[in-house]
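Me: I am new to reading protein models and would like a close look at just one part of this one. Please pick a sheet and walk me through its strands, slowly and in plain words.

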Amino acid sequence: MIETRELTKKFGPLTAVDGISLEIGEGEIFGLLGPNGAGKTTLISMLITLLPPTSGKATVNGFDVVARKSDVRKSIGVVFQEPSVDDLLTGRENLELHAMLYAMPREIRRKRMDEVLGLVELAGRADDLVKTYSGGMRRRLELARGLMHHPKVLFMDEPTLGLDPQTRKHIWEYILRLAKEENITIMLTTHYLDEADAVCRKVAIIDFGRIAATGTPKRLKHDVGGDIVAIKQKGFDPKCLEGLGFVAKFEAKADGVEITVRDAHKNLQKLLSEIGDIESVEVREASLDDVFFKYTGKKYREEGGEGGWAERVMSSAGR
Amino acid sequence: MAETLGGLEGIYAIWLREIKVYTREKERIVSSLVNPLLWIFAFGTGLGANVVIPNVPVNYQHYIFPGIMVMAVLFTSVFYGMYVIWDRKLDFLKEVLVAPLSRTNVLLGKMLGGVTDSMIQACVLFAVAYLLGIPLTPYSLAVSLLTMFLIGVCMTSLGLAFGGFLSTIESFQLVINFVVWPVFFFSGALFPLTGLPPWLQLVTYADPLTYAVDAMRGAMFGLNVFPIWLDLAAIALFCIPAIALGSFAFSRMGKI
């Protein structure tokens, strides 16, 4: 459904996207993960025809993003990182305009509008001005709008950025349901790794415009090499880990150590007996955060983007 | 054929959006009227009490009225176009830019929306003109509306071009000081075109607004310097590069 080959975008001396090759099949939910400025939005911008690539090729739904812009645009729906619904229009009016922009056949517009409004549970508020909506409702309206014209591929740039956890959970539920009910391919970016883990069938970790790793979340987590055992201990001595074959690696902390252990549930006893007296121990499965650390050498922080999009809606209200 | 119809509907959709937004932002309509009213009442009355223009049989307030109407269109149009800078900062415009619609059609829809805004504003000013006793006939109304429509097309396109090329809100000030005010002051909105020093005459002739003021002054008071058809043709001529420029600005837009 989406294919890129050595896709590159340079802004002057800066290479924002550096030779990315990807292949995403029909019906897949694909997550692009990475810190701010890693090139995720630039990559998506090229795929949705807003930005011409410097070199390389990309096709969406079989159409080249440079040569067949119009066909690509007809095939895709986009949920932007920043708000793009009009607050001075009602929810329904926003959808109506969308239907007109996409020249949808008149007879199916009404029906489809009710359908997508129902899907995101906005039917009751459809005739209110968007400026009276909450952040989560706006986001759901944008989702509904992105789906109006039956796109084959849906691009979502940070669909949950700046929303509270409760709303985020709801949005992801919608997304999963949509993917299933409408059988669409979804490419999304997100800051929230745990959410990507739960939702995406495949993910790619992007850093400095390049793919650091790609695969199913399960596979990637497996590749970390085990489970994480976090131990609090005063005066931890690395020597005690020597000769323990199941220790993949460890990282000393201020108040203890984090050890990557193969089959922790089997080897924990032995590990603890080697280490001696401890204050506390915590065992968890490797997460995408660990994957991220493994491939980029950086701790993943859930930075707030360049300011949450919801705040920007508020500051733009004086427009 | 279906493609063309789809394109037309897209233009209509963008126009409709602009009109809905405009009519719901009452503050914008009201504030856009303050400036012209100040010119007419404060400047027109004040200066008119002391100044008589030779060979002009109408009072100064009436004399500058066409110029102030055109100025109102100028400001509304250019400002409207430059709002695009703001739209681009947020993602309001991207929804339109990823739709299967040519950039020229996006520009046309936006442009017609801006022109309609100006026309709504002009109609309010016509009511003021009526109250001031300015002679309004079907003929003068028709010529004025056509003139303002053409100036609206020209200036909205120009504003959209600025909006497309420039990227900071601060450039607003730049355009106002270096484009909008000069275009207004050199248009003869406040003074007759006859008996000017040669350099000033030259500058006024290069200003599209000159022809608009002239046409409307001609239609209302019979005080035109050029034939009215020539005025209209001149403005139409200015529209062509303006639309081309706007279209070009939009075609290269989309950078995130």
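Reply: Let's start with a pair of strands in chain A: E11 (residues 227-232) and E13 run antiparallel to each other, and six bridges link them. Strands pair here if DSSP finds at least two bridges between them. The elements themselves are DSSP runs, numbered from the N terminus: helices (H or I) have at least four residues and strands (E) at least two. Keep in mind that this is a predicted model, in which local features need pLDDT of at least 70 and side-chain atom pairs count only at pLDDT 80 or more, while totals for chains, interfaces and linings use all residues. Residues are numbered from 1 along each chain as its sequence is written, and chains are lettered from A and ligands numbered from 1 in the order in which they are written.

To find this pairing on your screen, look for A:Asp227, whose bridge partner in E13(A) is A:Val261. E13(A) spans residues 256-261, and five of its six residues are buried. Buried means that 20 or more other C-beta atoms, placed from the backbone, lie within 10 Å of the residue's own; 12 or fewer makes a residue exposed, and anything in between partly exposed.

E13(A) also pairs with E12 (residues 247-253) of chain A, again antiparallel and with six bridges. Here A:Lys253 sits opposite A:Gly256. The link from E12(A) to E13(A) is a hairpin of two residues.

Now turn to E11(A) and its pairing with E14(A), which is antiparallel with five bridges. In this pair, A:Val229 faces A:Val283 of E14(A).

Two residues count as in contact if their C-beta atoms, placed from the backbone, lie within 7 Å.

Where does this part belong in the chain? The domain assignment of chain A gives domain 1 (2-220) and domain 2 (225-285), and such bounds come from an automatic or database assignment. The C-alpha centres of these two domains of chain A are 41 Å apart. Stepping back, chain A has eleven helices and 14 strands, and its C-alpha atoms fill a box of roughly 75 × 45 × 35 Å along the principal axes. Of the 319 residues in chain A, 43% are buried. Among contacts in chain A with a separation of 6 or more, 70% are between residues 24 or more positions apart.
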